Amino acid sequence: VRSELSDPAHCATSSIRPEVFEPLILEGLSQGAHTARVNVDVHVTVPLSRDLIATLNLEDKGGARVFLDCGDEDNLPPPPARDIILSRCQSTPHAVLAFGPERGWTDAEANLFRNEGFESA
């Protein structure tokens, strides 16, 4: 998802195109004994917003909803995503992960995720 802090050059790179990342995901999945196909949506043309979350149909359906965040220097680091996913996916094997830019999410973007039911990891 494109963030306020996203590097425009990275948003234009070919490495985030499905023909590049899908074979790598399939290769990784082939190494696991009990894996299921994953869906990956890359959205770098429109900035993060409540409308984008609705358009992508990311409203809460149970399971885990995690946005990856490096946290800030004033607070403890967030828990590992793995811990959140394992605890939330006991009854509903469904997880949504939001990856942002290297520089992290802005406070407003992190608050938007939290207001939409995502947990920071």
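This is a predicted model: local features need pLDDT of at least 70, side-chain atom pairs count only at pLDDT 80 or more; totals for chains, interfaces and linings use all residues.

Me: Why are strand 2 and strand 3 called edge strands?

Reply: The open sheet has three strands in the order 2-1-3, with parallel pairing, and strand 2 and strand 3 are its edge strands, as each of them pairs on one side only.

Me: Which residues of strand 1 point one way and which the other, and are they buried or exposed?

Reply: From strand 1, Ala64 and Val66 point one way while Arg65 and Phe67 point the other way, and all are buried. In strand 2, the covered face holds Val96 and Ala98, whereas the uncovered face holds Ala95 and Leu97.

Me: What makes the contact of Glu116 with Arg50 a salt bridge?

Reply: The side chains of Glu116 and Arg50 meet at 2.6 Å, N to O, and because a salt bridge asks for a side-chain nitrogen of Lys or Arg within 4 Å of a carboxyl oxygen of Asp or Glu, the pair of Glu116 and Arg50 counts as one. This pair links distant parts of the chain, since Glu116 is in the loop between helix 5 (107–115) and strand 3 (119–120) and Arg50 is in helix 3, 66 residues apart.

Me: Why is Glu116 called buried, and why is Arg50 called partly exposed?

Reply: Buried means under 20% relative accessible area, so Glu116, at 19%, counts as buried. Partly exposed covers the range between that cut-off and 50%, so Arg50, at 48%, counts as partly exposed.

Me: How many salt bridges does a search of the whole structure find, and what makes Glu119 and Arg88 one of these pairs?

Reply: The search of the whole structure finds two salt bridges. The side chains of Glu119 and Arg88 meet at 2.7 Å, N to O, and because the limit is 4 Å, the contact between Glu119 and Arg88 is a salt bridge. Glu119 lies in strand 3 and Arg88 in helix 4, residues 81–88, so the pair ties together parts that are 31 residues apart in sequence. Glu119, at 25% relative accessibility, counts as partly exposed, and Arg88, with a relative accessible area of 38%, is partly exposed as well.

Me: Which residues touch the most other members of the largest nonpolar core?

Reply: Of the 13 residues in that core, Leu48, Phe67, Ala98, Trp105, Phe113 and Phe118 touch the most other members. Helix 3, strand 2 and helix 5 each supply at least two residues of this core, and the largest share, three residues, comes from helix 5.

Me: What is the volume of the largest pocket, and where does its lining come from?

Reply: The largest pocket has a volume of about 1500 Å³. Of its 45 lining residues, the closest to the centre are Asn39, Val40, Asp41, Leu97 and Phe99. The largest share of the lining, four residues, comes from strand 2, and by class the lining has 26 nonpolar, 11 polar and eight charged residues.

Terms used:
Residues are numbered from 1 along each chain as its sequence is written. Side-chain values use heavy atoms; hydrogens and water are left out. On a 1 Å grid over the protein atoms alone, a cavity is a set of points where a 1.4 Å probe fits but cannot get out, and a pocket is an open set with protein on both sides within 12 Å along at least five of seven lines; lining residues have an atom within 4 Å of a point. Grid points are joined across faces, edges and corners, and a volume is the space filled by probe spheres set on the points. Ala, Val, Leu, Ile, Met, Phe, Trp, Tyr, Cys and Pro count as nonpolar, Asp, Glu, Lys and Arg as charged, and the others, Gly among them, as polar. Buried means under 20% relative accessible area, exposed over 50%, partly exposed in between (1.4 Å probe, protein chains only). Two strands pair if DSSP finds at least two bridges between them. A nonpolar core is a set of buried Ala, Val, Leu, Ile, Met, Phe, Trp, Tyr and Cys residues joined through side-chain atoms within 4.5 Å.
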